[in-house]
Amino acid sequence: MQNEITQKTPLLNPDGSLNNPGWCRRNLYEYNRDCISPSIMRLKEWDFYQICNGSKMVQINFFNISLASCATFGYVDLKTGEKFDCMGLELNTPHKNRLNINGDTANYFTFQKGNTKLIFDIKDNGGSLLFEGQCKGKRLKAEFFIEKLPEHESITIATPFDKQGHFFYTNKINCMKTKGVVKLGNRSIDFSDKDTFTVLDWGRGIWPYSNMWYWANGSTYINGKSFGFELTWGFGNTEKATETALFYDGKCHKLGEVYLVDDPETNSNWMKPWHFIDKEGRLDLIMTPFYDNYSNMMPLNIFGMKTHQVHGLFNGTAILDDGTVLEIKDMYAFCEKVCNKW
C-alpha cells in the first residue's frame with residue numbers, strides 16, 4: 001500500500017529510524033538531521049541538476065559524504081560523444097558544507113574551493129545555477145536559469161533499508177524549463193528554453209555499502225503542456241512508497257511498481273530497446289537507445305560507482321489518474337543502472 005504524506009511530519013524518530021515511510025507531491029518531511037544514527041560519517045547528501053535538450057547535456061552536482069565534499073560539472077554531447085568536466089574537492093566535512101533541508105522550497109547554497117565556485121540560488125518559481133572552474137587549461141563558466149510552474153508538484157519518498165538507521169530520502173523535480181550557456185575559453189554552448197529541461201535529483205540518506213538502482217527520467221511537451229516521468233526501482237524497501245510518477249501540466253500522477261521486461265545487463269544488451277511496464281497497466285514505454293554515457297569508477301570492484309546512463313527516444317502510452325491516455329512519440333529521456341560500493 002502506497003502511503004501518501006499530506007501533512008508536515010518529522011523524517012526521523014529520535015533513534016534514527018524513519019518516522020513515517022511514504023511519498024508526497026511536495027516535500028512535507030522535516031529533515032531533522034540531529035537524529036541521524038548511526039554515525040554522521042555514513043550520511044550522504046547531494047543536490048544534482050541534470051540539464052538537457054536531447055542532444056547536449058550538463059550535470060551540475062554538489063555532494064557531501066562526510067569524508068569529503070565535492071562540486072562537480074560535466075558536459076556531454078550525446079550525438080558526438082564529446083565530454084569535458086571539472087570539480088572542486090574538500091576533505092573531512094561531516095560538519096561543514098551541509099546542504100539545504102528541503103529542495104522543494106526556496107534555498108541558497110554556495111561553495112568555493114580554489115578555482116571552483118558553485119552557487120545554487122533557488123526561488124519558489126525557479127532560480128539559477130552557477131558553476132565556475134578550470135577545465136582543459138581553460139576557464140569554465142556555466143550559468144543556467146530554471147523555471148517552475150505555479151504550485152509545481154514533484155515526487156518525494158522516504159523509504160527504509162533493512163538495517164537500523166539506514167534510509168533513503170529523495171525529491172525529484174521534473175519539467176523545469178531552462179535556458180543558459182556554457183563557456184569554455186572562447187567557446188560558447190547555448191541552451192534554449194524552447195527545448196531544454198532540468199531535473200533536480202535531491203537526496204539525503206544512509207544506506208548499505210553495496211547497492212544498486214535503476215533511474216529513468218524525462219521531460220517534454222504533450223498537447224502544449226509539460227509532461228514528464230520519474231521511474232526508480234531496486235533501491236531500499238518500497239513497501240510504503242515507490243519513486244514512480246507521471247507529471248502533467250505541473251501535477252503529479254502517482255504510479256505503482258514499474259520494471260523492465262528484460263534487464264539490459266543480461267548479455268550486455270545496453271543499446272537494444274528497453275521495455276518499461278507497470279503492474280497496474282498505466283505505463284507501456286519502449287526506449288530506443290542512441291547513446292550510453294558509461295563510466296566505471298570501481299575498477300577493482302571494491303569501492304566506487306559504475307554507471308550505464310543510456311539515452312534514447314521513448315514511444316508508447318501513459319495513463320493519468322483520471323484515465324486520460326497520453327500518446328508518447330519520440331520523447332527524449334534516459335534510464336540508468338548504477339552499482340555502488342561506498
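Predicted model: local features only at pLDDT ≥ 70, side-chain atom pairs only at ≥ 80, totals over all residues.

Reader: What holds paired strands together in general?

Author: Strands of a sheet pair through backbone hydrogen bonds, and the pairing is either parallel or antiparallel. Here, Phe 247 has Cys 252 in β19 as its bridge partner.

Reader: Which strands make up the sheet, and in what order?

Author: The sheet is open and has nine strands, in the order β19-β18-β17-β16-β24-β23-β22-β21-β20, with antiparallel pairing. Its edge strands are β19 (251-254) and β20, each of which pairs on one side only. On average, neighbouring strands of this sheet are turned by 25° against each other, with direction ignored.

Reader: Take β21. Which strands does β21 pair with?

Author: One is β20 (residues 258-260), which pairs with β21 in the antiparallel sense over three bridges. Within that pair, Tyr 259 has Ile 277 of β21 as its bridge partner. Another is β22 (residues 283-296), which is joined to β21 by four bridges, again antiparallel. There, Trp 274 stands opposite Met 287 of β22.

Reader: What lies between β21 and β22 in their hairpin?

Author: Four residues lie between the two strands, and Gly 281 in this hairpin takes a positive phi near 75°.

Reader: How do side chains sit along a strand?

Author: In a regular strand the side chains alternate between the two faces of the sheet.

Reader: Why is β21 described as largely enclosed by the rest of the structure?

Author: Count the buried residues. A residue is buried when its relative accessible area is under 20%. In β21 (residues 274-278), four of the five residues are buried, so the strand is largely enclosed by the rest of the structure.

Reader: Now the cysteines. How many disulfides are there?

Author: A search of the whole structure finds zero. Cys 52, for example, is in no disulfide, and the nearest cysteine sulfur, that of Cys 175, is 14 Å away.

Reader: Is Cys 52 buried or exposed?

Author: Cys 52 counts as buried because its relative accessibility is 7%.

Note on methods:
Residues numbered from 1 in each chain as written. Heavy atoms only, no water. Disulfide = S-S within 2.5 Å. Buried < 20%, exposed > 50% of the residue type's maximum accessible area, 1.4 Å probe, protein only. Pairing = 2+ DSSP bridges. Axes fitted to C-alpha atoms, helices over the stretch in contact; angles between N-to-C directions.
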